[in-house]
Structures are given as structure tokens and as C-alpha cells.
Amino acid sequence: MTTLTTRQPTPQPTPPTPEGRRHMIVRRWITAIVIVLLIGIPAGYLAISAGQSRASGRDKEAESAAQGLRDFWPSIMKRRIFEVPVPEGATRVSYFETSNWKTSRLYVQFRTSPKGLDTFLKGAGTSRAALENGKVTISDRDSAVVGWNFKLKGRAWAGTVHTQKDPRPSKDITVDLTEPDRPWVYVVSTANP
């Protein structure tokens, strides 16, 4: 015996209810916000990044084109790499950097207090006791690069050389102690990577 099954009719989908005006306005606002978030934010980020990159390139170009000392503090990164810890409160800070495939040099000068001088010397790996009175440790070649004149008469020069094993920088330090309360510090830090 065979049984026949009767097929049930498939229910017809109910027609969608027409979208109300309020719902349509909300949906359009959400769509607009999503588009702004997906397109506007990345576009804004790219514009800001491009501006910063362009400004950074101009700064580096100006620094590379500079001849002689620049009347600015060296960046924190430069001070760390060349181990030149310019003390807080130092004034008349100037620097110049030279680089080639073999050697990089950072020339720095600043005026400080006796306490600032001690802080600098300690941070540079030496001390006031290492300073030799009457000694200029910066070579004529290095002083000519930035226009320092260590041949002035009547100056109380004192200097030391702090040598370190490569790749750490070695430093030639000369201090003008003519005015003991406001010494001038001259440093040439040489790195051979």
C-alpha cells in the first residue's frame, strides 16, 4: 500500500512594511557617520602625517645645510648618542654635528654654574679633578670647524679627554674658568660606529 502525502503549500513571505520617515532619517545618518569614520579619519591622519613628515624633512635639511654652530640645544637623542649631558639651567647653548661614513662628531658649547659644571662632568664620565689647568684638549682642526678660539690670552683654560672603547664616544672637554661662577664648556664628542 502506498500512501500519498499531500504537499503543504509554502507560506508566502509577508511583504515588508514600508519604512517610516523617522527610520529612514536615522538609517541615513548612521550611513553618513560610518562613511565619515571610514574615509574621513584615515584621510585626516594621512594629511597630518604628511605635514609632520614635510616639517621634519625641512628641519633635517636646515640642520644639514648649517655651517658652524647653531644656537639651539641638541636633541635629547643626540645628547644620549654622543653622551653629552648638557645640565639644566645651561645658557648660550649651541651645537654642530658632522658625520661621514667613518666618524661622527658633535660640537657643543654652553655656559653654566659651578654646580652645573660638576653635574655635566659626572654625567660625561669624568670629574673636575680630571681637568688639567692650562690645558686645551680640543684640537686646532676641531676648533676651526666651529670657529672656537682657544689661543686667547688671559683665559683660565682647563681640559680633559674622556676616552671610551668603540662604539661609545670619546670626548675632548675644555672649560674656560676665567669667570669661575659662570664657566664656559666646550665639548667635541667623537663616535666611531
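These are some notes on the predicted model, point by point.

1. Ground rules. Because the model is predicted, local features need pLDDT of at least 70 and side-chain atom pairs count only at pLDDT 80 or more, while totals for chains, interfaces and linings use all residues. Residue numbers start from 1 along each chain as its sequence is written, and side-chain values use heavy atoms, with hydrogens and water left out.

2. Overall layout. The protein has four helices and six strands, taken as DSSP runs numbered from the N terminus (helices are H or I, at least four residues; strands are E, at least two). Along the sequence they come in the order α-α-β-β-α-β-α-β-β-β. Of the 193 residues, 33% count as buried; here buried means under 20% relative accessible area, exposed over 50%, and partly exposed in between, with a 1.4 Å probe and protein chains only. The accessible surface is about 13,600 Å², and carbon and sulfur atoms own 58% of that (Shrake-Rupley method, 1.4 Å probe; for residues, only the protein chains shown count as cover).

3. Take contacts between residues at least 6 apart in sequence: 55% of them join residues at least 24 apart. Contact means heavy atoms within 4.5 Å.

4. The annotated stretch. UniProt, in an unreviewed entry, puts a "transmembrane region" at residues 29–48. Positions from UniProt are given in the numbering used here, feature names are shortened, and annotations may be inferred rather than shown by experiment. In the model, residues 29–48 are 100% helix and 0% strand, with the end C-alpha atoms 27 Å apart.

5. Aromatics. Rings of Phe, Tyr and Trp (its six-membered ring) pair if their centres lie within 6.5 Å; planes under 30 degrees apart are stacked, over 60 edge-to-face, and the rest tilted. The count by this rule is nine aromatic pairs. One of them is W148 with Y186, edge-to-face at 5.2 Å centre to centre and 75° between the planes. W148 sits in the loop between α4 (140–146) and β4 (157–162) and Y186 in strand β6 (residues 184–191), so this pair ties together parts 38 residues apart in sequence. W148 is buried at 8% relative accessibility, and Y186 is buried at 11%. Y186 also pairs with W184: the ring centres are 6.3 Å apart and the planes at 20°, so that pair is stacked. These rings belong to one aromatic cluster made up of F96, Y107, W148, F150, W157, W184 and Y186.

6. Which residues touch the most other members of the largest nonpolar core? They are V84, F110, F120, I173 and V185, in a core of 21 residues. β1 (91–99), β2 (104–111), α3 (114–123), β5 (170–176) and β6 each supply at least two residues of it. By nonpolar core I mean a set of buried Ala, Val, Leu, Ile, Met, Phe, Trp, Tyr and Cys residues joined through side-chain atoms within 4.5 Å. In soluble globular proteins, nonpolar side chains tend to be buried together. Leaving out residues up to four places away in sequence, F110 touches V86, P87, A90, T91, R92, V93, F120, P183, W184 and V185.

7. Q109, a polar residue to look at. Q109 is in strand β2 and counts as buried at 13% relative accessibility.

8. T160. Buried or exposed? T160, in strand β4, is buried at 8% relative accessibility. A polar atom of the T160 side chain lies 3.4 Å from the backbone oxygen of A130.

9. Most residues other than glycine have a negative phi. E83 has a positive phi of about 55°, and R92 likewise has a positive phi of about 55°. E83 is in the loop between α2 (76–81) and β1 and is buried at 19%. R92 is in strand β1 and is exposed at 57%.

Notes: A polar contact is a pair of N or O atoms within 3.5 Å; within protein, one must be able to donate a hydrogen and the other to accept it, and residues adjacent in sequence count only if both atoms are side-chain atoms.
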